[in-house]
Number of protein chains: 2
Amino acid sequence: MKEPYLYTPGPTPLPDEVRQRLARPIIHHRSPEFATVLRRVHKNLQQIFETRQPVLVLTCSGSGAGEAGIVNLFSPGDTCLYTGGGKFAARWGQIMRAYGIRAVEIAVQPGRAPRVEDLAESLRQHPEAASVWLVHSETSTGVLADIQSLSEYIHAHSNALVCVDGVSSLCAHPCPMDSWGIDLLFAGSQKGFMAPPGLAFIALSDRAWQRAESASLPKFYFDLHAAREAWLSGTTPWTPAITTVCALDTALTMLLEEGLAAVHRRHARHSAALRAGLLALGLETFGAPPSHALTAVRLPSAGECFLRELRDRHQIVTAGGQGELKDVLFRIGHLGWYNEKDMLRVIKAIECSLIACGLPLRSGSGDQAMQKVYDAMVP
Amino acid sequence: MKEPYLYTPGPTPLPDEVRQRLARPIIHHRSPEFATVLRRVHKNLQQIFETRQPVLVLTCSGSGAGEAGIVNLFSPGDTCLYTGGGKFAARWGQIMRAYGIRAVEIAVQPGRAPRVEDLAESLRQHPEAASVWLVHSETSTGVLADIQSLSEYIHAHSNALVCVDGVSSLCAHPCPMDSWGIDLLFAGSQKGFMAPPGLAFIALSDRAWQRAESASLPKFYFDLHAAREAWLSGTTPWTPAITTVCALDTALTMLLEEGLAAVHRRHARHSAALRAGLLALGLETFGAPPSHALTAVRLPSAGECFLRELRDRHQIVTAGGQGELKDVLFRIGHLGWYNEKDMLRVIKAIECSLIACGLPLRSGSGDQAMQKVYDAMVP
């Protein structure tokens with residue numbers, strides 16, 4: 001069977017070097033060999049988070065990291081605000097409620113980014129807010145939030161901690177934790193990091209660590225104090241996903257050899273080129289401003305035929321819409337290990353699938369529109 | 001550099017087939033391909049747990065699975081008993097306390113297995129006990145508990161749930177969940193399952209599921225109701241460690257092709273043979289009855305020289321003692337993918353290391369003593 005090719009915003013394809021690393025004999029997690037690997041991973045994650053804080057590696061999904069942030073920072077009865085407008089934004093509210101936190105949604109229409117005005121009203125109504133949770137790149141809608149402005153506003157008008165879900169933004173967009181005043185930032189291995197799922201990364205500001213001292217929610221596996229103590233000695237409190245950490249080590253080395261700025265530019269180019277290509281074919285993208293991690297596209301009529309063609313004839317796996325957007329969107333991931341050829345392949349497959357389902361094309365030259373953007377934007 | 005060879009009770013060596021599976025292109029966790037893999041994993045895990053209950057796959061370490069058991073079954077203020085005598089036994093007490101459960105240790109001397117008499121007194125004193133936590137194979141001491149007798153006694157004399165840590169026992173020993181009346185059984189992927197770390201498995205009896213209905217401890221990532229609901233549709237509530245699940249699929253297929261009874265016999269042979277070999281060399285094993293997952297051995301004098309020789313000259317990685325047994329023991333894992341040649345290699349390396357450090361040997365023919373046991377025990 002031909003392997004399907006993933007264009008999903010997580011998991012993202014694994015570079016050959018990463019897959020080869022996975023296949024190496026396993027090493028012990030309490031060995032000097034592993035400590036060397038983990039320390040290098042720690043240092044490289046700090047570069048990507050642009051922070052001097054420890055970036056802790058947890059064995060769990062991104063949702064687990066969000067939960068770790070919540071149980072380490074808050075106490076029952078605390079008020080936390082979170083922006084709406086997406087499945088992942090909503091998840092942090094769900095977790096807060098599960099732990100007895102008063103979670104207040106800041107209403108944001110799906111497809112639109114949260115604005116300072118949206119926050120202003122909520123912060124006025126909730127001066128007691130312990131934190132505001134923001135999603136940098138909302139994976140369910142492909143919308144990018146302006147974290148820098150939002151963070152600045154929150155700090156200027158409240159004492160709330162700024163907590164940022166960077167799950168699908170890190171590596172696709174700059175998200176300098178320290179200079180943007182982010183108090184909590186977390187991400188997952190299977191996104192821009194080009195590694196398999198199973199690891200999540202989380203970092204806290206000095207203010208957040210201070211707040212963690214008095215947080216009374218119960219925790220053990222997700223106890224970040226234990227994780228920080230272990231971090232200092234190049235280890236983890238519980239058995240980590242050793243194989244995945246080693247694969248991540250290879251991926252991080254590749255990313256930083258390319259250079260963080262170049263990695264960001266690569267994502268910006270794919271995003272701009274793909275949007276141009278889709279437009280040329282007469283398709284309509286959803287949401288703005290667009291995240292460079294993925295592009296959400298309105299499903300054309302005969303959507304079922306179209307997606308079946310894409311998948312069965314072209315082996316292209318995209319992601320569907322989520323929640324109320326289930327039958328409205330499909331989402332094309334370009335987060336992680338993609339090159340121009342990969343992206344031209346997807347637009348060609350989309351064009352063929354539209355034709356096969358008898359759908360109208362605007363110009364029928366999506367790849368030419370993409371190539372123009374690639375030529376215009378220096379890599 | 002020559003790769004060190006692991007004789008540690010987790011992580012255990014990965015068969016070549018498992019490593020090759022890790023290197024395959026990643027598939028999406030919401031795809032029919034992955035559902036097929038996960039359903040096969042689910043079915044095979046039920047065979048190893050010997051249960052008709054769902055065996056849920058969590059992305060975390062064994063400690064995470066223990067925590068999942070605790071937060072899903074209990075409410076703050078509940079009393080839970082747990083057997084002492086080992087690091088892993090103690091961990092379940094620690095987690096209970098972190099969640100406001102009254103955790104009562106049943107005193108057991110390290111190196112000895114908990115007996116019915118030990119439990120009897122504690123159960124008399126705590127008729128309110130919601131559960132008793134037992135460790136089947138205590139990884140820190142190499143001691144095996146008689147779960148069948150203990151479980152029978154607990155059920156006959158209380159309403160407490162029988163919760164069993166099978167982390168290093170499953171695959172090494174029979175642990176038929178349903179017929180032994182186990183209410184909670186959990187394990188980790190990097191032990192007898194011959195897969196990388198990063199996954200844990202957990203199953204609940206009907207009584208335990210019933211109890212879970214009223215358990216009020218907060219949870220989200222470890223919510224087993226969500227995991228059970230997803231299990232029914234061959235999926236997981238959060239992004240799983242896809243690559244590790246696929247590797248586990250290969251490992252489980254290998255184990256069940258060998259046959260569960262044959263796998264248990266293989267571990268029994270390695271355990272008996274190694275003990276005979278160690279005895280022939282004049283070394284003293286620690287603890288009884290012995291788990292077939294690992295053998296704890298009293299460190300000879302000049303222990304530092306001995307372990308250095310073993311590691312640096314022979315590339316044999318064993319595990320040290322833990323906690324108060326740190327400088328008393330070393331532990332040789334034979335849980336998972338080992339054959340006779342591997343075991344003869346370790347005894348030869350031990351013999352050479354003893355000689356190199358000027359330590360007295362009894363007969364100096366550990367491998368012959370081992371071979372005798374192998375010849376006497378049918379595979």
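The interface between the two chains of this predicted model takes 44 residues from chain B and 44 residues from chain A, two residues being in contact if their C-beta atoms, placed from the backbone, lie within 7 Å. On the side of chain B that touches chain A, at least two residues each are supplied by helix H1 (16-22), helix H3 (62-73), helix H4 (87-98) and helix H9 (242-258) of chain B; helices (H or I, at least four residues) and strands (E, at least two) are DSSP runs, numbered from the N terminus. H3(B) gives the most to this side, with 4 residues. By class, the side of chain B that touches chain A comprises 22 nonpolar, 18 polar and 4 charged residues, where Ala, Val, Leu, Ile, Met, Phe, Trp, Tyr, Cys and Pro count as nonpolar, Asp, Glu, Lys and Arg as charged, and the others, Gly among them, as polar.

Residues are numbered from 1 along each chain as its sequence is written, and chains are lettered from A and ligands numbered from 1 in the order in which they are written. Local features need pLDDT of at least 70 and side-chain atom pairs count only at pLDDT 80 or more, whereas totals for chains, interfaces and linings use all residues.

Within chain A, the domain assignment (automatic or from a database) gives domain 1 (5-10 + 259-376) and domain 2 (16-257). The centres of these domains, taken over C-alpha atoms, are separated by 28 Å. Their contact takes 24 residues from domain 1 and 26 residues from domain 2 of chain A. On the domain 1 side, helix H10 (260-280) and strand S11 (294-298) of chain A are the elements that give two or more residues, and H10(A) gives the most, with 4 residues. The residues of that side divide into 13 nonpolar, 10 polar and 1 charged.

Helix H12 (residues 340-356) and helix H13 (residues 366-376) of chain A also pack together: their axes come within 9 Å and cross at roughly 155° (lines fitted to C-alpha atoms over the stretch in contact, with angles running from 0 to 180 degrees between N-to-C directions). H12(A) is therefore roughly antiparallel to H13(A), angles over 145 degrees counting as such. Their contact has 6 nonpolar, 1 polar and 4 charged residues.

Key. Parallel < 35°, antiparallel > 145°, perpendicular 65-115°, else oblique.
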